[in-house]
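Let's go through some charged side chains together, one question at a time. Have a look at the model first.

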Amino acid sequence: MPELPEVEITARLLDAALSGAEVESALAPGVNALRSFDPPLAAIDGQRFLWVHRRGKLFVLELDGGLSLLVHLMSAGRLQLFDSRASLRDRTSRLLARLTDGRELRLREFGTRQRAWVKLLRTGELDDDETLAALGPEAWPDPPPLLELLDQPRPLHALLRDQQVIAGIGRSWVDEILHTARLSPFKRGSDLEADEADRLREAITRRLGEAIAHYQQTIVLPIPDKLPMPLTVHRRNGEPCPRCGDQLEAVFYEDYVMCYCPTCQTEGKVLKDRRLSRLLK
Ligand SMILES: [Zn+2]
């Protein structure tokens with residue numbers, strides 16, 4: 001599941017590799033992948049890439065003709081740059097941009113659902129896009145003070161993953177960040193003390209920054225299909241806590257799992273596993 005660090009490293013690598021490259025033609029084989037119709041996708045034929053960057057978990061690929069591709073990988077997408085063209089039988093392809101130098105930029109999606117999307121927008125109108133306009137402040141490199149930002153009676157685990165509150169964190173990194181900050185995933189944002197808010201902000205910048213630095217050393221183009229994330233808590237339930245050695249626990253939800261250390265984060269309390277308790281009813 002690509003979050004801020006994975007999108008950031010991909011954007012950096014693509015920016016370095018694509019700058020000045022000219023689009024020969026583009027097509028969107030994914031049924032629902034292209035979410036805009038004006039201008040048409042063919043409008044980028046003959047345009048050169050100027051700048052690839054990140055907003056939250058989205059990519060912005062600016063082209064020299066005043067157009068930009070906005071790309072959201074959702075939970076299973078990858079934006080990859082290959083030296084040759086895809087087989088037309090590659091069912092993972094959602095968008096293909098063929099370059100005049102023979103390379104090909106591909107939005108691919110792994111898994112059963114087709115949720116990754118692309119919009120072609122006028123660069124000057126990017127700020128009007130509803131997804132971008134709704135994003136909260138960036139989680140990295142310099143998030144705002146959190147005491148006010150998170151002053152809502154919702155659990156930290158939900159608040160930090162809410163892109164409209166703070167942009168870039170998802171289901172994997174939230175577990176790591178809360179563990180580093182020694183905060184319960186169920187603590188309400190409005191109950192944060194000033195020192196806890198500072199600790200949380202520090203944990204966000206540190207963990208995301210460390211992940212990006214790790215990827216800078218390990219990830220190369222075309223961007224691997226499977227991108228191993230340097231996680232120490234998320235999906236490590238049953239294993240020893242990297243800080244105190246006690247066993248990490250998990251709460252399972254329908255489509256994600258929340259992992260934490262009872263000793264470090266919840267005063268020793270093991271939170272109810274909703275999946276198990278539902279089955280036992
Ligand atoms: Zn621990």
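Q: This is a predicted model, so let's start with Arg122: what is its relative accessible area?
A: Arg122 counts as partly exposed, which means it falls between the buried limit of under 20% and the exposed limit of over 50%. Its relative accessible area is 33%.

Q: Which residue does Arg122 meet in a salt bridge?
A: The cut-off for such a pair is 4 Å between a side-chain nitrogen and a carboxyl oxygen. Arg122 has a partner at 3.9 Å, N to O. That partner is partly exposed too, with a relative accessible area of 40%, and the residue is Glu125.

Q: How many residues apart in sequence are the parts that Asp142 and Arg201 tie together?
A: Asp142 and Arg201 form a salt bridge, with their closest N and O atoms 2.7 Å apart. Asp142 sits in the loop between α2 and α3 (146-149), while Arg201 belongs to helix α6, so the bridge links parts whose separation in sequence is 59 residues.

Q: Is Asp142 buried, partly exposed or exposed?
A: The exposed class starts over 50% relative accessible area. Asp142 has 58% relative accessibility, so the label is exposed.

Q: How many salt bridges does a search of the whole structure find?
A: In general, side chains of opposite charge can pair when their charged atoms come close. Searching the whole structure for such salt bridges gives a total of 24.

Q: Where does Asp127 lie, given that Arg55 is in strand β2?
A: Arg55 and Asp127 form a salt bridge, the closest N and O atoms being 3.3 Å apart. Arg55 is in β2 (residues 49-55), and the pair ties together parts 72 residues apart in sequence, because Asp127 lies in the loop between β8 (117-122) and α2 (130-134).

Q: Is Arg98 buried or exposed?
A: Arg98 is found in strand β6 (residues 93-99). Leaving out residues up to four places away in sequence, Arg98 touches several others, including Glu22, Glu24 and Glu104. Its relative accessible area is 18%, so Arg98 is buried.

Terms used
Residues numbered from 1 in each chain as written. Predicted model: local features only at pLDDT ≥ 70, side-chain atom pairs only at ≥ 80, totals over all residues. Heavy atoms only, no water. Helix = DSSP H or I, 4+ residues; strand = E, 2+ residues; numbered from the N terminus. Buried < 20%, exposed > 50% of the residue type's maximum accessible area, 1.4 Å probe, protein only. Contact = heavy atoms within 4.5 Å.
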